[in-house]
Amino acid sequence: MAIDFSFTDEHDELRATIRQFLADKSSEQDVRAQMATETGWDRAVWAQMAEEMGLAGLIIPEEFGGAGVGYVELLVVMEEMGRALLCSPFLSTAVLASNAVLECASEAAQKDLLVGIATGQTIATLAHVEENGRWDVGGIEMRASQHGDDWQLDGSKRCVIDGHTADVILVAAKTDAGVELFRVEANAAGLERTSIPALDLTRKLATLEFSKTPAKKISQGDQAASLAIVLARTIAALAAEQTGGAQKCLDMAVDYAKTRLQFGRPIGSFQAIKHKCADMLVEVEFAKSAAYQACFEIALGAADASASCAIAKSYCSETYFHVAAENIQIHGGMGFTWEHPAHLYFKRAKASELLFGDPSHHRETLAGLIGL
Amino acid sequence: MAIDFSFTDEHDELRATIRQFLADKSSEQDVRAQMATETGWDRAVWAQMAEEMGLAGLIIPEEFGGAGVGYVELLVVMEEMGRALLCSPFLSTAVLASNAVLECASEAAQKDLLVGIATGQTIATLAHVEENGRWDVGGIEMRASQHGDDWQLDGSKRCVIDGHTADVILVAAKTDAGVELFRVEANAAGLERTSIPALDLTRKLATLEFSKTPAKKISQGDQAASLAIVLARTIAALAAEQTGGAQKCLDMAVDYAKTRLQFGRPIGSFQAIKHKCADMLVEVEFAKSAAYQACFEIALGAADASASCAIAKSYCSETYFHVAAENIQIHGGMGFTWEHPAHLYFKRAKASELLFGDPSHHRETLAGLIGL
Amino acid sequence: MLEGCVREGEAVPRVANNRYDAGPNEVSEESMSDSPQIGEDEIRQRTRKLLEQVHPEKVDAVTFRRAQYDHGLAFVHFPEGYGGLGLSPKFNQVVADEIAKNSKVTYPDPPIGVIGIGMGAPTLVTYGSEKLKKELLPRVFSGEDIWCQMFSEPGAGSDVAGLATTAVRDGDEWVVNGQKVWTTLAHVAKWGMLVARTNPDVPKHDGLSYFLLDMQTPGVEVRPLYQITGEAEFNEVFFNDVRIPHDRMFGEEGQGWRVAITTLMNERVAIGGGGSTKKGAGSISPLLKLWKGRATGQLSTAGEAILRDTVTQRYIETELLRVTSIRARAAMKAGNPGPEGSVAKLAQAEIHKRLWETSIDVLGNDGLSFEAGYELRQGFGGTDNPESLAKYQFLRSRANSIEGGTSEIMRNILGERVLGLPGEPRVDKKVPWKDVPRS
Amino acid sequence: MLEGCVREGEAVPRVANNRYDAGPNEVSEESMSDSPQIGEDEIRQRTRKLLEQVHPEKVDAVTFRRAQYDHGLAFVHFPEGYGGLGLSPKFNQVVADEIAKNSKVTYPDPPIGVIGIGMGAPTLVTYGSEKLKKELLPRVFSGEDIWCQMFSEPGAGSDVAGLATTAVRDGDEWVVNGQKVWTTLAHVAKWGMLVARTNPDVPKHDGLSYFLLDMQTPGVEVRPLYQITGEAEFNEVFFNDVRIPHDRMFGEEGQGWRVAITTLMNERVAIGGGGSTKKGAGSISPLLKLWKGRATGQLSTAGEAILRDTVTQRYIETELLRVTSIRARAAMKAGNPGPEGSVAKLAQAEIHKRLWETSIDVLGNDGLSFEAGYELRQGFGGTDNPESLAKYQFLRSRANSIEGGTSEIMRNILGERVLGLPGEPRVDKKVPWKDVPRS
């Protein structure tokens, strides 16, 4: 039977729970506080998310201590996190790294890592982007060198999400077998981690330099295809986060348009503003359709999910950026001030548009998948 | 001294004269009448334009019986013709063919042809596009074959403006020297002319088939560079025509928005319509800037005129299409009917966007010229 | 119809954001008798019983559909005795399925009957006189009578409630003068649903009355209205002292707007994009065919890359329109219509215009020719050839953002009814219609 | 200033579509005495005479500019005795040229003086008291006094005429309470041009008065207003029982709007795009540099082609903005300002936002970092490095469509003043200000 992209009562309850939790733990004040820290996120909140809410292991199978739920639940959670602009290692640890381990790592390595992730003990991330700046698997050039049973990594990785705070870094590097996955500890010798001054302070990125850094190979054979799947699933989740942020921008704009009076009328009664909001609504609804389709298809193990993931990342990125910009415009001068939250969403929108490749990159991927 | 793109009183008088003439000779009724004919334009009007107004030879030097004026005058004339949707062989004969002869033909051949064109006796056009559909000189593949002193042409040419009514067809074809220009008479043996059912009935196009068709070579040596200049100047003139059409669409839309009442108000008092018109105004003013710059630079013999020509064709094409479409939208249902002239401009806009290459083609040319 | 009065429709019940969210049940709820005993199985049995008596493979459409009406299986959500059984409209599908299961030949609603069956019948059963219901419901369902709708006027498009066609009482008759426009099927219709102004001295929505007009009445003149393609899908209808018996009025005098809303609520417009189609199917498929079959060589490598990206964007837009439509139907089924429906109508119009523009760009120079020609003629320019279809739709789709509510009106609806933004100061409310400025 | 009251400005003279069409001559015309005998040569002579007495290479800016003022060569279009000679403003350029020709050192208007010299002086000379003119005109021209403008309020942005800061008469003084915002230079200014409401019982434009406020007066509090980049270009100014002597009022009580228009008419805003720059120069050049210096490899061949096309479009837009600005100035010189000026203001805002967005896209992953950081600080983030500039402007340019009149207000102006489209029904006209709803 065909998917109709509707949510169950359980999904709605989950959404309500998360929204309440984030209202308490990720208020604008909390977000601004975390933005200002070096770490960029709150360990106490993360512990709670892991232990009380079971979010850290949301998509990790129960055998590894996770909740073992699917992508529809992840979609709901990501939408709410995007809405609240939550600062946390959820994307890096619970989505990106968890998927990488699930798709690429040997069972033993899975057990090693996933339990720690699910309990919130381990912050993990994936490092695959390099100097060439490419986000697709084809851009991976770093070669791992073998010394007996030991492996070493040399070179640098860029745009590593939470790379400066992760306890474990999963590194994609080449061996004779192809692209494989390596596990590097935060305190490994010859690993230098530099947090970059981010455009979007709500999600920190790092540059990692490896020189003769000891690493543990946790995959068996070429993982290029599996890594592509990991990236596809990650952008689907990110698209859901973008959709949540976009919906919030629309809500902010509409609320302001109802209450802000100029010329003796709410500005939302002027078609210039009203129709802008209507167009934003259309885009946000389409963004939902894109993110929902991608996540529902992943949840159902659809064969052509990758195409929907590419659609989602390209469309949701453009929508989020556009509505975040329009939200500033509708707020006028105030929307341009530091004290107003509009710019936080604007920056998150642009950064998440660039993360994992820009819209035209994903359209090109899609064109290939559908044979254009 | 820098150009400031302003018109002299003489230019303004010229514009007024042309506008008055076209009001008499190119009313909507006249246009619809010509649309329905096989020929597509009115010989009597053309004769008048040539003899009384000196338009046929506008850019032809006086030594050849022309008015010998520059591109600023041509710009004014084309703007008005575009505004009135004039059906005439002006673009093919007075712009395209005249430029080709002036740039590529030997002096003798110039004398032969230009006098006839200037007096209105000769309708001429340029045939250079072929099956490959390319509008740039690089697309010319037809090879002319020499037999003693005689030349013959074989193959086909596409999208030949007024190709079915021209008395003389200038054909661009290859010789060992490169791309050269050939003169073919309308009644030449082995020439088959088929008028195509046009999207835009106000400008007819034809497909020409040549088989052992006798032709007279009127150029000396490779004309690739000269032909490129001919095409650049032609699109500058066409851009001016598009600008005139775009201005007319804006005027129609604004007039209607002032007089059409719904909900007890002129629809132009609603920001949805008012702001649409304002955006159309911005585009039309920018289109003028583009067309004016191109034509003024040609008039002044500027070295980088080709870049401005590419800008003009790409920008004016998009503007004309957009404002023609918006004009239909602002007119609502009536704008979609056959009896209303809005669709005539819409079709002219799309056709002139495709003629001589679409906007992205000209942006690519520009990118090359400015070294991007 | 090109008009879109529900767009403006101050009088539209809150339940439906616009007519795209409204199904036949809007009406059926009122007229539904509780017959809990009748369930799906019972319906299937009754349908098989019908088939035993008259079988599509043996009789013609009129005979079969009249019998289907008599069995109450025509509009199961209508009351018994009026072609229905007073059940939920969802059972109509059960009847159709059962017929299809048991007969190679089926007689579904003919396209030409869509206005009468989809919009006319629900209005008639709700507001028509007993006599008219008994007489006309069977004939409209059987296809014997074709209906048309006459609301829009040259001076009343988006603001259809401002219409100016007058009906003046004269004894037992009403005398109608004025003009309607965008009237589909008027040239072949037996009956016309007509809204006219019976009282100019009250605000515009309060002075309207609703009539069922015999299109053969003297003084009715129907003229084809030719459009951008040279075809006439629609007509203009002129009324010159046209007389309508009083008992052909639906509802009370002055209730015309309310009755008109019922008609429009029942307009069977598929939610944007016909969401049931598969990926890459539907309106995108001609473009995909044109792209894959394009003549190479005309475009540079860069030009190809740029156009390919544009085609891909068109694919994304139509795909998301499809998904949004599925979400809209799911929301309606779940009984909580969200914004998706109105969103789809607005989005579809803009997306389709872009879609066909891109198709012409893919055709390149071939887009300069229009083989179908522009001879003025009546009809719809349907074609399966991707190239001809693209050229036809490139022109035809310009009306998508006008017909059934302009995109500007749709944005008002989304802004005010969905997002709850305040309306504008009005100069045409609480004012006698005759005092409201008109062009 | 981020406000844009001239945008709304019902009171703006028809001659100028908006302040971008208005040069200093708007005022000078009034105060211009005919002295036909003084021509360009005479001006050059007088300038050389000035240079003989005080030479920029020998004295400091204040000394020189005070002397320039005394010679009537400060504002040649002002009356004699007030730093001018009652001539056409075009001669100001002649003076500047002559000074530049004869001195390696020149003392042009300091950027920090732009508000006082460009907007304050013309207002002061037109509406100020004799005493204030004599006392302040030399000081503002010499740069000794910095001025700021205080019109906009948190509750009065596009609708600046609806401002709520009150001034209540108390003997020979006015007592001011309220708040202003988007005030450039307020933290360093000596004098502030203040518009306050002195009568709430009349329609909004009629109840305003214009004051010159000594910014050091007790009760004036200036706070930096930090923006999206972390910098504060602007201030908020709070008034708590601030007392202003009555003789610091410009114009009559209730004339404040008219005086404010004079100020804004003289705002020296370069017409969009600084049209005098060469092709490929100006705001486009950083993008061109970034494109040419981009790291290849990050983008696929198709990606490069698509982005190259986008960069080319940005080039076209900025180039046409440049040409449109040249046309606008030519039209103004010719004395018939067309729509080009207002068009340029609207277009520039939208074009610049796109321009800097594309710059970030060209930077790709490098766009993810913001080296300048977001520490809250006062000042403007000027930089010449194309990458840093792109990152700064990507954020800063968001205000381009808000400051000096939002793009929405600009579209109203183009629609109503340029195209002549009718206005909307107004609920805030002919109504006492105190009865108009405010947020």
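These legends describe close-up views of a predicted model. Residues are numbered from 1 along each chain as its sequence is written, and chains are lettered from A in the order in which they are written. Because the model is predicted, local features need pLDDT of at least 70 and side-chain atom pairs count only at pLDDT 80 or more, whereas totals for chains, interfaces and linings use all residues.

**View 1. Confidence in the model and in chain C.** The model scores ipTM 0.95 and pTM 0.94. Chain C averages a pLDDT of 88, and 90% of its residues score at least 70; pLDDT is the predictor's confidence in each residue, from 0 to 100. Two stretches of chain C stay under 50: residues 1-33 and residues 268-275. For residues 1-33 the model has 105 contacts beyond four places in sequence. For residues 268-275 the model has 29 such contacts. Two residues are in contact if their C-beta atoms, placed from the backbone, lie within 7 Å. Where pLDDT is low, the predicted coordinates should not be read in detail.

View 2. Chain C has 13 helices and 10 strands. Helices (H or I, at least four residues) and strands (E, at least two) are DSSP runs, numbered from the N terminus. Of the 439 residues of chain C, 55% count as buried. A residue is buried if 20 or more other C-beta atoms lie within 10 Å of its own, exposed if 12 or fewer, and partly exposed in between, with C-beta atoms placed from the backbone. Take the contacts in chain C between residues at least 6 apart in sequence: 75% join residues at least 24 apart. Helix α11 of chain C spans residues 340-363 and has 24 residues. From its first C-alpha to its last, α11(C) reaches 33 Å, close to the 34 Å expected at 1.5 Å a residue. That expected span is 1.5 Å times one less than the number of residues. α11(C) is mostly covered, with 22 of its 24 residues buried. Just after α11(C), C:Gly364 takes a positive phi of about 60°.

**View 3. Where chain C touches chain B.** Here 42 residues of chain C are in contact with 36 residues of chain B. On the chain C side, α10 (301-333), α11 and α13 (407-418) each supply at least two residues. The largest share, three residues, comes from α10(C). By class, this side of chain C has 18 nonpolar, 16 polar and eight charged residues. Ala, Val, Leu, Ile, Met, Phe, Trp, Tyr, Cys and Pro count as nonpolar; Asp, Glu, Lys and Arg count as charged; the others, Gly among them, count as polar.

**View 4. Chains A and B about their axis.** Four residues of chain B are in contact with four residues of chain A. The chain B side of this contact has two nonpolar, two polar and no charged residues. The copies meet through the same surface, because 100% of the interface residues of chain B are also interface residues in chain A.

**View 5. A:Val323 and its surroundings.** A:Val323 lies in helix α9 (residues 305-331) of chain A. A:Val323 counts as buried because it has 30 C-beta neighbours inside 10 Å. Leaving out residues up to four places away in sequence, A:Val323 touches A:Ala246, A:Cys249, A:Leu250, A:Met280, A:Glu283 and A:Val284.

View 6. β2 (residues 144-147) and β3 (residues 150-161) run antiparallel and are joined by four bridges. Strands pair if DSSP finds at least two bridges between them. A:His147 stands opposite A:Asp150 in β3(A). β2(A) and β3(A) form a hairpin with two residues between them, and A:Gly148 in the turn has a positive phi of about 65°. Eight bridges join β3(A) to β7 (residues 205-217), again antiparallel. A:Trp151 stands opposite A:Ala215 in β7(A).
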